[in-house]
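Me: Could you walk me through a few contacts in this model? I would like to go one question at a time.

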Amino acid sequence: MRIPSALLLTTLPLAGLPAQDQRRLEFRIAGAEKDTVFLANYYGNKLYYADTAVADAKGAVLFDRPEGYKAGVYAVVVKGPKYFEFIVNEPEVRMRTSAADLMGAMAVDKSQENSLFFGYIRFLNERKQQGDSLRTLLNGATDPLRRSVLKGRLEELDKEVRAYQSDLVAKAPGSLVAAIVRMSMPVDLDKPKLPDGRVDSIAAYYQYREHYWDHVDLKDPRIIHTPVFQNKFDEYIGAVVPQIPDTIIKLADDLIGRLGPSEDLFRFVVHGITYKYETSDIMGMDAVFVHMALTYYCPKAGGNSKAFWMSEEKLKKLCERAQKQAPLVIGAKSAELILPDTTEQMWKSLHKLPNDYVLLVFWDPHCGHCKKELPALYTSYRDTLRPMGIEVFSVAKATDKKLFDDWKAFIREHKMDWVNVGLTHTVYEEAKKDPYKYIPKLTTLQSLNYADTYDVYATPKYFLIGPDRKIVGKQLNPTQVADLVKRLRERDKGAAKP
């Protein structure tokens with residue numbers, strides 16, 4: 001196994017550890033005499049620096065810091081770097097090995113859990129070697145009878161592994177090693193069948209999803225210090241759960257609701273889901289981030305945040321971002337915009353355009369990226385989008401004379417005859433003095449403050465607005481706009497059929 005490069009540079013903060021975490025971990029490592037030896041612990045599936053000690057002249061090394069060590073999977077790291085993993089759950093652990101062969105020379109002097117753990121690892125390694133040999137033979141076999149025999153042996157190996165796992169779990173109830181082994185065991189269920197006897201794949205998926213956590217004690221805080229839990233968690237959130245925002249939100253809330261009182265587990269799961277979708281590049285996943293932030297981080301009026309691990313400053317920034325994004329998620333009603341055209345005489349409304357789909361574009365005449373993108377967008381509009389009945393509502397920043405003049409010149413140069421509006425120089429200056437010169441007779445406050453309304457912190461920025469003026473897409477290129485509109489129109493046509 002490869003040690004993460006950050007292992008010896010990163011410290012995972014430990015605070016408020018209870019008395020039961022005060023443990024004594026002793027090792028004798030032949031070949032590590034007088035060497036510095038490191039202790040690392042898992043948080044999720046990553047190893048973090050936890051402690052350091054120097055081996056004596058006989059290779060003996062002791063870890064027994066006063067604040068203790070939380071239960072979990074740990075690693076002892078020696079020169080190389082090389083390391084072996086072990087279980088921390090008992091008050092005292094004593095083990096012996098050699099730096100030349102950490103796993104092969106391992107002997108457990110005191111620790112029932114590690115005796116079980118290393119016995120299990122050795123058993124798995126033996127069965128893996130046997131399985132690899134059988135698969136090699138199977139790949140080279142052509143005789144049907146021979147292939148059938150080899151497949152039967154592989155099935156027997158699988159049964160042996162499952163039987164070993166079940167026996168270990170039954171013999172050591174409550175132990176961490178049993179919890180780890182049980183998490184890695186598949187949940188055996190009878191597959192639902194269709195009337196003709198075939199497996200009902202759709203029902204089987206829902207059954208699998210419903211029972212996914214059956215072998216995991218979601219109230220046991222020790223599991224966050226084992227890599228197997230994070231691996232299961234990542235698979236569930238990223239693969240088992242359909243990547244549809246509403247479904248993700250529903251199943252995330254369900255998972256969080258099944259956790260026990262452990263603050264550590266709550267933090268791990270809530271942060272893991274929030275971070276995944278806060279940083280996602282997939283369109284629409286910001287809706288998951290917004291839900292997680294407003295539900296678990298941002299306090300209700302007069303209440304406290306559930307995100308006890310966040311500083312007040314970071315929490316404030318996160319909540320401000322979530323509140324800004326909330327009206328802009330896919331499915332939200334778009335904010336109406338009413339702005340003047342280049343003549344500053346005609347005011348045009350986004351919501352009153354006759355087209356069923358409108359691509360809302362925000363840009364800046366002095367933005368180099370915008371000046372490259374907009375002519376290409378216009379070509380696509382002229383050749384593809386406009387023939388499909390899709391309009392472009394192009395909003396420009398034109399708040400001073402130079403911007404205003406360059407905006408008009410750019411439109412003329414590229415013959416962009418879509419809907420061109422902007423926060424123009426005259427309107428901007430007059431509205432600063434008295435916005436009610438224009439509100440509500442001609443426009444709205446959210447239109448004059450369009451940059452805040454649509455969170456336009458960088459340009460160009462795109463929103464695809466649907467027939468009911470809800471947001472149906474964001475940051476799409478012209479081809480994606482055309483494809484999405486085709487799919488949505490087909491969906492709506494299908495839904496309209498009796």
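Reply: Happy to! Setting aside neighbours within four places in sequence, Q325 is in contact with D286, F289, V290 and D455, where contact means heavy atoms within 4.5 Å. This is a predicted model, in which local features need pLDDT of at least 70, side-chain atom pairs count only at pLDDT 80 or more, and totals for chains, interfaces and linings use all residues. Residues are numbered from 1 along each chain as its sequence is written, and side-chain values use heavy atoms, with hydrogens and water left out.

Me: Is Q325 buried or exposed?

Reply: Q325 has its place in helix α9 (residues 312-325); helices here are DSSP runs (H or I, at least four residues), numbered from the N terminus. Buried means under 20% relative accessible area (1.4 Å probe, protein chains only). Q325 has 18%, so it is buried.

Me: How are α1 and α2 oriented, roughly parallel or antiparallel?

Reply: The axes of α1 (residues 112-140) and α2 (residues 144-171) come within 10 Å and cross at roughly 170 degrees. Axes are lines fitted to C-alpha atoms over the stretch in contact, with angles from 0 to 180 degrees between N-to-C directions. Angles over 145 degrees count as roughly antiparallel, and therefore α1 and α2 are roughly antiparallel.

Notes: Helices (H or I, at least four residues) and strands (E, at least two) are DSSP runs, numbered from the N terminus. Angles under 35 degrees count as roughly parallel, over 145 as roughly antiparallel, 65 to 115 as roughly perpendicular and the rest as oblique. Buried means under 20% relative accessible area, exposed over 50%, partly exposed in between (1.4 Å probe, protein chains only).
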